[in-house]
Amino acid sequence: MTLMLRTVIFAKKVNINNVPVYNCHMCGRNDVFPGVKEDVGKLVGQLGARPVAHSISFDQVHEWAGVLSQALNRSDRLHAAAIAEVTEERVNQLLDLLLLADSLKDEAWKADLENRLSQLSAQYIF
Ligand SMILES: [Zn+2]
């Protein structure tokens, strides 16, 4: 099983790009990465039963997909070392922003940053 980013098509209309999936070499089957399954489900839920045709970049919606997308920009395949490096950089960046949001007492921004940090928590990573 190889971890990669793929486009998931919902209701034959909505392209959800850069979704982390496990791809099986033997049968070609794709399984959405367990750690993001719930968030992909939420996103699909928000689209409703009759969505308008459009594309969504999942790597801009979900931090973990964002990290994988950046790691892929650094090499042609997803390597654990590159993923760990990008994750650490992104977590540090978000923590810096959290300090800033805290000092500005911007509660909405803080909540958004905390949510983004939780998307990079251990449950998602291998
Ligand atoms: Zn298989």
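User: What makes up the lining of the largest pocket, in terms of nonpolar, polar and charged residues?

Analyst: The lining divides into four nonpolar, five polar and three charged residues. Ala, Val, Leu, Ile, Met, Phe, Trp, Tyr, Cys and Pro count as nonpolar, Asp, Glu, Lys and Arg as charged, and the others, Gly among them, as polar. The model is predicted: local features need pLDDT of at least 70 and side-chain atom pairs count only at pLDDT 80 or more, while totals for chains, interfaces and linings use all residues. Residues are numbered from 1 along each chain as its sequence is written, and side-chain values use heavy atoms, with hydrogens and water left out.

User: What makes a region a pocket, and which residues lie nearest the centre of the largest pocket?

Analyst: On a 1 Å grid over the protein atoms alone, a pocket is an open set of points where a 1.4 Å probe fits, with protein on both sides within 12 Å along at least five of seven lines; lining residues have an atom within 4 Å of a point. The largest pocket is lined by 12 residues, and Asp39, Lys42, His62, Asn115 and Gln119 lie nearest its centre. H1, H2 and H5 each give two or more residues to this lining, with H1 giving the most, five residues. The space in the largest pocket is about 230 Å³, where a volume is the space filled by probe spheres set on points joined across faces, edges and corners.

User: How do you know which atoms are the protein donors of the zinc ion?

Analyst: Donors are N, O and S atoms within 2.8 Å of the metal (3.2 Å for Na, K and Ca). The SG atoms of Cys24 and Cys27 lie 2.2 Å from the zinc ion, so they fall within the 2.8 Å limit and count as donors. Water is not among the atoms, so the site may look incomplete.

User: Why is Cys24 called buried, and why is Cys27 called exposed?

Analyst: Buried means under 20% relative accessible area, exposed over 50%, and partly exposed in between (1.4 Å probe, protein chains only). Cys24 has 16% relative accessibility and is therefore buried. Cys27 stands at 57% and is therefore exposed.

User: How do you know that H3 is a helix, and what span does H3 reach?

Analyst: Helices (H or I, at least four residues) and strands (E, at least two) are DSSP runs, numbered from the N terminus. The buried residues of H3, including Trp64, Val67 and Leu68, pack against elements including strand E1, strand E2 and helix H5.

User: Why is Ser69 called buried, and what does Ser69 touch?

Analyst: Ser69, in helix H3, has a relative accessible area of 14% and is buried because this value is under the limit for that class. Leaving aside residues up to four places away in sequence, Ser69 touches Leu5, Asn18 and Asp59, where contact means heavy atoms within 4.5 Å.

User: What makes Val21 buried, and Val32 partly exposed?

Analyst: Val21, in strand E2, has 2% relative accessibility and therefore counts as buried. Val32, in strand E3, has 22% and therefore counts as partly exposed. Not counting residues up to four places away, Val32 touches Val19, Pro20, Val21, Lys37 and Val40. The contacts of Val21 beyond four places in sequence include Leu3, Met4 and Phe33.
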